[in-house]
Amino acid sequence: MMTGGTPLRTLDEEDVLARILPLLPGSQALDVAPGDDAAVVQTGARTVATTDTVVLGRDWLDAWSSGADIGHKVITQNLADIAAMGGEPIGVLLTLVADPELSLEWVVDHAHGLADECAAAGVAVLGGDLSSAPAGVVMVSVTALGRLEGRPVLRSGAKPGDQLAVCGSLGLADAGLRLLQAGRAERHTEAVARQRRPRSPLDQGPRAARAGATAMLDVSDGLLRDGGRIARASGVVIEIESVALEPDVAALAGALGETAALDCVLSGGEEHSLLATFPAGTLPEGWRRIGSVRSAADGEPPRILVDGHAVAHTGWDHFRPD
């Protein structure tokens with residue numbers, strides 16, 4: 001936790017807000033901007049809502065990530081959820097819960113990260129909340145809203161005969177985490193950068209929906225774990241073809257070795273690429289096929305396989321991270 005500088009305990013809430021609110025982007029969709037009891041925002045026929053929380057010591061370490069890094073990351077992971085439903089993000093609500101010894105300088109740096117990522121995505125900051133916390137505790141929470149012009153793309157829509165496809169990278173963020181843990185960040189700077197500031201192809205969520213995606217989610221907890229969620233929700237078997245993952249593995253093998261690289265690609269979380277199923281012949285530009293969907297045989301549970309074989313569902317779980 002960043003201390004020194006100006007501790008939050010020397011300021012009141014209005015002082016802190018006066019420093020950070022001017023940094024955060026607004027939007028023409030805002031009828032009432034932050035400052036009242038609640039903001040008023042124009043959404044659309046359907047509104048998509050999601051929320052996420054990150055905790056110091058659990059989701060990030062100050063030794064590896066700056067306040068701005070956490071701002072970028074927490075916005076990306078929320079907006080990726082909006083995109084995965086086929087929606088277009090329009091605004092976010094922000095909450096910071098912090099030990100009063102946390103420095104104002106960290107908070108301002110964090111606000112810059114939030115603002116930069118929101119501006120890049122074209123979303124407004126609608127408001128939020130500040131609260132104090134016990135010693136050593138820092139928590140950041142984001143609630144994101146989006147508009148949905150067509151139908152939502154659910155996890156439960158995959159059908160036999162569909163193809164499984166991904167838009168974005170696989171394994172980079174996890175590889176970056178492993179290298180940071182090993183003190184070898186220089187071995188793959190792109191992977192380390194992706195761990196600190198993940199990217200998600202947000203515009204591809206609505207594009208996939210328009211192209212007829214039958215199921216979709218973002219890769220937040222690992223390809224196997226998240227693909228398995230589609231399989232179970234849809235009552236199907238998903239078959240991943242390892243040959244389609246060879247470029248992803250090769251991109252990491254030089255820094256980690258082949259075995260660890262494959263594990264990152266199959267199980268690595270925090271990537272926030274999009275994973276979806278599409279009817280045969282309807283793959284939109286920017287997506288690549290990595291597998292297929294079939295019916296479960298008699299007595300076979302819905303599941304995910306790699307080259308026809310079951311693989312342990314490793315990946316991130318908040319309560320069973322190992």
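In which sense do strand S9 (residues 236–240) and S11 pair, and over how many bridges? They pair in the antiparallel sense, over 5 bridges.

1. Basis of the note. This is a predicted model, in which local features need pLDDT of at least 70 and side-chain atom pairs count only at pLDDT 80 or more, while totals for chains, interfaces and linings use all residues. Residues are numbered from 1 along each chain as its sequence is written, and side-chain values use heavy atoms, with hydrogens and water left out.

2. Strand S11. Helices (H or I, at least four residues) and strands (E, at least two) are DSSP runs, numbered from the N terminus. Two strands pair if DSSP finds at least two bridges between them. S11 covers residues 288–295 and is joined by 4 bridges to strand S7 (residues 163–167), the two running antiparallel. Gln163 has Ser292 in S11 as its bridge partner.

3. The four-stranded sheet. An open sheet of 4 strands runs in the order S3-S6-S4-S5, and its pairing is mixed. S3 and strand S5 (124–132) are the edge strands, each pairing on one side only. On average, neighbouring strands are turned by 15 degrees against each other, direction ignored. Axes are lines fitted to C-alpha atoms, for helices over the stretch in contact, and angles run from 0 to 180 degrees between N-to-C directions. Strand S4 (residues 88–98) pairs with S5 in the parallel sense over 8 bridges, and Leu96 stands opposite Leu130 in S5.

4. Helices on the sheet. Contact means heavy atoms within 4.5 Å. H2 packs on the sheet and touches S3, S4 and strand S6 (138–148), with its direction at about 145 degrees to that of S3. H3 also packs on the sheet, touching S4, S5 and S6, and its direction makes about 170 degrees with that of S4.

5. Helix H3. At 1.5 Å a residue (the expected span is 1.5 Å times one less than the number of residues), the 18 residues of H3 should span 26 Å, and the end C-alpha atoms are 26 Å apart, which agrees. Buried means under 20% relative accessible area, exposed over 50%, and partly exposed in between (1.4 Å probe, protein chains only). Among the buried residues of H3 are Leu104, Trp106, His110, Glu117 and Cys118. Just after H3, Gly122 takes a positive phi of about 70 degrees.

6. Nonpolar cores. A nonpolar core is a set of buried Ala, Val, Leu, Ile, Met, Phe, Trp, Tyr and Cys residues joined through side-chain atoms within 4.5 Å. The largest core has 40 residues, and those touching the most other members include Trp60, Leu96, Trp106 and Trp287. Helix H2 (residues 67–84) gives the largest share of this core, 7 residues. Apart from it lies another core, of 30 residues, including Leu170 and Leu275.

7. Aromatic pairs. Rings of Phe, Tyr and Trp (its six-membered ring) pair if their centres lie within 6.5 Å; planes under 30 degrees apart count as stacked, over 60 as edge-to-face and the rest as tilted. The whole structure holds 2 such pairs. Trp60 and Trp106 are stacked, at 6.1 Å centre to centre and 15 degrees between the planes. Trp60 lies in the loop between strand S3 (46–55) and H2, and Trp106 in helix H3 (residues 104–121), so the pair ties together parts that are 46 residues apart in sequence. Phe278 and Trp287 form an edge-to-face pair, at 5.2 Å and 75 degrees.
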